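Student: I would like to go through this model with you and ask, for each label, what it rests on.
Tutor: Then let us look at it together.

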Amino acid sequence: MQDRGYKFFITGSNVSLLSKELGTKLTGRCIMLELYPFSFREFLLFKGYVLQKNDMSYTTKRGLIKNYFNEYLQKGGMPEYLKYKDPIVLKRIYEDILYRDIVARYEIKEIKALRELSFYLLSNIAGLFSYNNLKQMLQLGSVNTVKSYVEYLENSFLIFAINRFSYSLKQQFIAPKKIYCLDNGLTEAVSFQFSKNKGKFLENLVFVELKRRYKDIYYYRTANNLEVDFLIKNGKDIILVQVTENIKEQKVRDREINALAIARKELKTTNSFILTLDKEERIKIQNKTIIVKPIYKWLIEDAKEEDYTS
């Protein structure tokens, strides 16, 4: 049919449509497009709010956008859940992923271990993990089994694990990884932890947006063990991103700024910014500027319009 000039758009979340299987059946004949839950822009459209260019200049409109953002931060962007407002929708999606997309597909025998692993990872978004620690915690006999289970969860798009950035591939593989989830609403419905981990949910939300915009995402540790939440390789450019609820406390402010300043020097880059709940400023340090920006404002900007170079 394709040879005769027809084109097909195939959509769905069934396991048979995952990229690896589709690629082998239609080698050289398909382009895979990944669809994520609603972005914040799409969430606003769903709510009936049409963004205008100068909305951030008006106090009332800015306040309304912030209120929508707080809702989006907790509820996420799963369309069916947002439409019916029933948490059972999210729990059903989660169960379908575990049992239909993973257990049935890979013929998993240790179902209890898989459930415990999945619950642990979703309850620790933006946290570090190692395969060996997970093996001990779940009392599984093999690190390879844990690696396989994490890979299954990643293949189903439920979670994402990112490496620590290093110019040594060996160091990337052996260093602990950071874990993120596809959707904040899904995490909140499964692990019931939003109120006490708002900062982690902010970081998870930023990760998913970065995932939409960029291909290569890592975290970074400086030589003196300070952490930068995200390092993005965009062609030859390196962009550093910190995410924090606020930088009012001097201790937090110093930690975030020092990590960026040292990382910029080590990596020879000036592209860096800090995303916060509501703070906006420009910080001068070492004759360079670090841009601080509210997450809700960053989310509605076009990635091509952003300038984090100082």
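Student: Which helix gives the largest share of the lining of the largest cavity?
Tutor: Helix H11 (residues 198-213) does, with five residues, where a helix is a DSSP run of H or I of at least four residues, numbered from the N terminus. The model is predicted, so local features need pLDDT of at least 70 and side-chain atom pairs 80 or more, whereas totals for linings use all residues. Residues are numbered from 1 along each chain, and side-chain values use heavy atoms, without hydrogens and water.

Student: What makes a space a cavity?
Tutor: On a 1 Å grid over the protein atoms alone, a cavity is a set of points where a 1.4 Å probe fits but cannot get out, and lining residues have an atom within 4 Å of a point. The search finds one cavity of 30 Å³ or more; the largest cavity has a volume of about 100 Å³, the space filled by probe spheres set on the points. Its lining has 13 residues, with Tyr72, Leu182, Asp183, Asn184 and Val208 nearest the centre.

Notes: On a 1 Å grid over the protein atoms alone, a cavity is a set of points where a 1.4 Å probe fits but cannot get out, and a pocket is an open set with protein on both sides within 12 Å along at least five of seven lines; lining residues have an atom within 4 Å of a point. Helices (H or I, at least four residues) and strands (E, at least two) are DSSP runs, numbered from the N terminus.
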